[in-house]
Amino acid sequence: MDTKELLKKVRKIEIKTRRLSDHIFGGEYHSTFKGRGMTFSEVRQYQYGDDVRNIDWNVTARYHEPFIKVFEEERELTMMLMVDISGSELFGTETQFKNEVITEIAATLAFSATQNNDKIGLILFSDKVELYIPPKKGRSHVLRIIRELIEFEPESKQTNLAEALKFMQNVMKKKAIVFVLSDFITDDYQHTLKIASGKHDVTGIRVYDKHEEEIPNLGVVQMQDEETGELMLVNTTSKKVRRNYSKFYRDKVAYYKDSFTKSGAGVIDCRVDDSYVKKLLGYFKRRN
């Protein structure tokens, strides 16, 4: 992709996702993800209905009338976007590939965080961490993240979420809001996820295509495993073949839901032909 085409794509995604974050997600994001606590701001005269526990007795004694302490939410947070860029994300039979939907969701979340003056970082992973962008603030930083999401070429096509979670914990020493965007066609990450969720606010966003859920009866067809690159002839007329694939897929989805739920993490399921806007808004509202 040449520079001109890349910039055009970045701009298109910015216009769409920034509008969403400005008009829809800004307030929802703010109220869903609270700051680290309350910090002292000022004192003012006591008013009827104020909490008497906040009376500042030193100032009250000095002026012979009641004054209370005013606290403000300590807002600054850090969002870490963990994005699966393995081979299976290049699947798509509808209007968009999974990786294109993931890019739009990530950009919308990043602009929502920027609106609240939070830092945003990025981890792109396959079966290893392919790219790490440390958290920073600002529009130009978000545009860099979008550029990487569009054009980054992974070295590996396989997936290892546990490795990515371990890396995230090593670089994020303070509590962060963590979104993991993937199709979660992987396993062996439940233990690592539980440790990560104990410290961070973790949400898994599963992006999938409806045609992945089962193999249609198309006769004998050549298929390629997107993660291993292996080509094979598959007899899709066989009920056993279709049943085995269906079970494999359902098992991976069940493992994802079970792992995230048991770890106390959030889950969002988004089919590529669904409205991710509704999915995100519904999730934020449920959390509030």
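## Surface and overall make-up

The accessible surface of the chain comes to about 15500 Å², and 49% of that area belongs to carbon and sulfur atoms; accessible areas are computed by the Shrake-Rupley method with a 1.4 Å probe, and for residues only the protein chains shown count as cover. The model is a predicted one, in which local features need pLDDT of at least 70 and side-chain atom pairs count only at pLDDT 80 or more, while totals for chains, interfaces and linings use all residues. Residues are numbered from 1 along each chain as its sequence is written, and side-chain values use heavy atoms, with hydrogens and water left out.

The chain holds 8 helices and 10 strands, which are DSSP runs numbered from the N terminus (helices: H or I, at least four residues; strands: E, at least two). Of its 288 residues, 45% count as buried, where buried means under 20% relative accessible area, exposed over 50%, and partly exposed in between (1.4 Å probe, protein chains only). Among contacts in the chain with a separation of 6 or more, 74% are between residues 24 or more positions apart, a contact being heavy atoms within 4.5 Å.

Glycine 121 lies in strand 4 and, at 0% relative accessibility, counts as buried. Leaving aside neighbours within four places in sequence, glycine 121 is in contact with Met79, Met80, Leu81, Ile133, Pro134, Pro135 and Ile145. The C-alpha atom of glycine 121 is separated by 9.5 Å from that of valine 178, which is 57 residues away along the chain.

## Two loop residues with positive phi

Most residues other than glycine have a negative phi. Asparagine 117 has a positive value, with phi near 65°, and is found in the loop between helix 3 (98–115) and strand 4 (119–125). With a relative accessible area of 47%, asparagine 117 is partly exposed.

Aspartate 188 also has a positive phi, near 60°, and its place is in the loop between strand 6 (177–182) and helix 6 (190–199). Aspartate 188 counts as exposed, because its relative accessibility is 65%.

## Lysine 4 and its surroundings

Lysine 4 is placed in helix 1 (residues 3–32) and counts as exposed at 70% relative accessibility. Together with Lys8, Lys9 and Lys12, Lys4 forms a positive surface patch; patches are made of residues with over 30% relative accessible area and no salt bridge, like charges being joined within 9 Å and nonpolar side chains (Val, Leu, Ile, Met, Phe, Trp, Tyr) within 5 Å. A salt bridge is a side-chain nitrogen of Lys or Arg within 4 Å of a carboxyl oxygen of Asp or Glu.

Technical notes:
Lys and Arg count as positive and Asp and Glu as negative; His and the chain ends are not counted. The place of a charge is taken as NZ of Lys, CZ of Arg, CG of Asp or CD of Glu.
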